[in-house]
Amino acid sequence: MLLRRFYDDKLAQASYMIGCQATGEAVVVDPHRDTDVYLEAAAAEGMEIRYVTETHIHADFLSGSRQLARRTGALLLLSAEGGQDWQYAFADEDGAGLLRDGDTIEMGKVTLKALHTPGHTPEHLSFTVTDGAASAEPLGVLTGDFLFVGDVGRPDLLEKAAGVAGTMAAGAKTLWQSLERFKELPDYLQILPGHGAGSACGKALGSVPSSTLGYEKLVNWAFQCADEEEFVRKVLEDQPEPPAYFASMKRMNRDGPAVLDRLPEPVQLVPDVLTARLREGATVVDVRSRGDFASGHLPGTVNIPWGADFTNWAGWLLPYDTPIYFVAYDHEHARAAARDLVMIGIDRSVGFAPPEVLDWWTGSVAPVERTTVIDWEEAERALDGEDPVLLDVRSLTEWNEGHVPGAEHIHLGSLPERAEELDPDRPTLVYCRSGNRSAIGASLLQAAGFKDVRNIEGGIQAREAVHS
């Protein structure tokens, strides 16, 4: 049996290729939209992708299942569970097969069996994996967003992200029932989850790529709950704010993700073309480091550094209905950013300019804009004498755990809509945990016209170190 795991760090998302090496047939489960990686892996392993499936209608990334099935001619298999409101709208159009609890996908001696495990979503399926050449008993379970290492899937996203009122408590109870059923499976089963640490689909996901059911019964908090009431209370408390783009992902994945022929290739623009687009109101994202952005940037641009958190904050902050332009170090840098935006359905990455555009701007238009970076000593002096706004852009959970006295709280993802609550004529001192999110927040405020914005380097960690 072949089992390949593909992991996208920025999405904290795992997909799997499983197949029978004797017959050369394979299935891909929960693919993302960079479908070349699966085609290349199949070719390297001498496998033909015969089936494509997914565990549920995803909220955190745009599914590549439809795209991969079309590119390979594979049969697309989708959940038929969850009731009429949770069916895939494009299933008939794509000639998809429908899976219910107990249905199987067979490839030579290898079998995947669907288990209906609702709670995170009503239609959610897990898949037991059996290598018939070794044993008639399953060796593991692809658990999608149902069971993670150290955590379980969130039952609150339908209500908080998709706006389906009154579903949180009901989803939590259903999730408890799914876990009770799951407890009856053998302890030796490998748990192969759909996400790892950093995903917003849970609140305490482990970074270990796999586990066993027996080990999860010992250490996973969800299995330690004495009854349904305790589980419901614990699974709903302290869940982080779901990124704003989750609602778009849910709708697009249900109705039919767009199929791409290839990943976008942003073209390099001459400086006056990019700056003309900026003046026309286009979205220009500077994906350089926060330090380079602070040292000099084009007025009106937003800084979301390309790195581990890029996809998350881009999904929170960027529009879906307008072209995107970049200031990037080079073509490869812009291409990588465009690829990551595609993973969450932002497909219109048009062009970029390298940092030399700043020299052109300085010589042809005006000095570049800079961001003031301060430490806590400087912040304290400003608080004593300048009547500034002290802005905390961390999550609500972090805020509730402790914050600087006198600070105002606006979650970074909500800042574009709520910036009008702040006084642009007062100095604004922005902090987060380390300085990363506050740097993004400072760039948003500057782009909105705030003239005196200062990012507190090191965030609340640095303050705690000084005051400890």
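Reader: What follows helix 16, and what is its phi like?
Author: Helix 16 is followed by G449, whose phi is positive, near 105 degrees; helices here are DSSP runs of H or I with at least four residues, strands are runs of E with at least two, and both are numbered from the N terminus. This is a predicted model, in which local features need pLDDT of at least 70, side-chain atom pairs count only at pLDDT 80 or more, and totals for chains, interfaces and linings use all residues. Residues are numbered from 1 along each chain as its sequence is written, and side-chain values use heavy atoms, with hydrogens and water left out.

Reader: How many residues of helix 16 are buried?
Author: Taking buried as under 20% relative accessible area, with exposed over 50% and partly exposed in between (1.4 Å probe, protein chains only), 10 of its 12 residues are buried, so helix 16 is largely enclosed by the rest of the structure. Among them are R437, I440, L444 and Q446.

Reader: Switching to aromatics, how many pairs are there?
Author: The count comes to 8 aromatic pairs, where rings of Phe, Tyr and Trp (its six-membered ring) pair if their centres lie within 6.5 Å, and planes under 30 degrees apart count as stacked, over 60 as edge-to-face and the rest as tilted. One of them, F6 with Y38, is edge-to-face, at 4.9 Å centre to centre and 70 degrees between the planes.

Reader: Which parts does that pair tie together?
Author: F6 lies in strand 1 (residues 2–8) and Y38 in helix 1 (residues 36–45), so the pair links parts that are 32 residues apart in sequence. Both F6 and Y38 are buried.
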